Amino acid sequence: MSWRKIILVTTAVLFIAGIATIDFAQAGEKEKWHGASYTVKWEQIEIGDEEGHVIAIYEQKQVYINEMTGEKTPSTTFGILDLNIKTGQGSGHGYGVSFYKDGAKTFRTWEGKSVGEGHWRGTYSLIKGTGKYEGIKGGGTWDSYSLAPQQSYLEGEGETEIPGQ
């Protein structure tokens, strides 16, 4: 697997993590979302213990679509990957922030690993919100699929609770 495919997979993973913060329904309701991700920055360092083993840090831009409301939400995800760009095997973790039309934001952590060629899977947790998302809690799972260099498709589902809603 080329480093571009790995970037795509990683992008998808982060994108999925970001999708989790799309405009939520009522407190405690299950959410489903999907979206697209594009890697805008990628830096890597060769480890040298085996061919293709790198540590990478990256930034992705995403758009998530809430399957219940149809609302589209932009997001940015940052992550660190420990992976082999030759085999596509690896793991990662990071953070994301989603931006809402009214100025509110939600923040999340994510983690995941490769589960097949161009396919990553993991979990996300909502850690903070501003504006109408103040006090947000929740999390869920995501899947990311590479589409092309630097581009991924994401799917996710989880549960969200917002105090007062």
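Mentor: Histidine 53 touches Ile45, Glu46, Ile47, Gly48, Asp82, Leu83 and Asn84, leaving aside residues up to four places away in sequence, where contact means heavy atoms within 4.5 Å. This is a predicted model, in which local features need pLDDT of at least 70 and side-chain atom pairs count only at pLDDT 80 or more, while totals for chains, interfaces and linings use all residues. Residues are numbered from 1 along each chain as its sequence is written, and side-chain values use heavy atoms, with hydrogens and water left out.

Trainee: Why is histidine 53 called buried?

Mentor: Buried means under 20% relative accessible area, exposed over 50%, and partly exposed in between (1.4 Å probe, protein chains only). Histidine 53 has 15% relative accessibility, so it counts as buried.

Trainee: What makes isoleucine 55 partly exposed?

Mentor: Isoleucine 55, which is found in strand β2, has a relative accessible area of 31%, and therefore it is partly exposed.

Trainee: Why does glutamine 150 count as partly exposed?

Mentor: Its relative accessibility is 30%, so glutamine 150 counts as partly exposed. Glutamine 150 lies in the loop between β7 (137–148) and β8 (151–161), and its phi is near 70 degrees, a positive value in a residue other than glycine. Most residues other than glycine have a negative phi.

Trainee: Over which residues does pLDDT stay under 50?

Mentor: It does so over residues 11–27, pLDDT being the predictor's confidence in each residue, from 0 to 100. Where pLDDT is low, the predicted coordinates should not be read in detail.

Conventions
Helix = DSSP H or I, 4+ residues; strand = E, 2+ residues; numbered from the N terminus.
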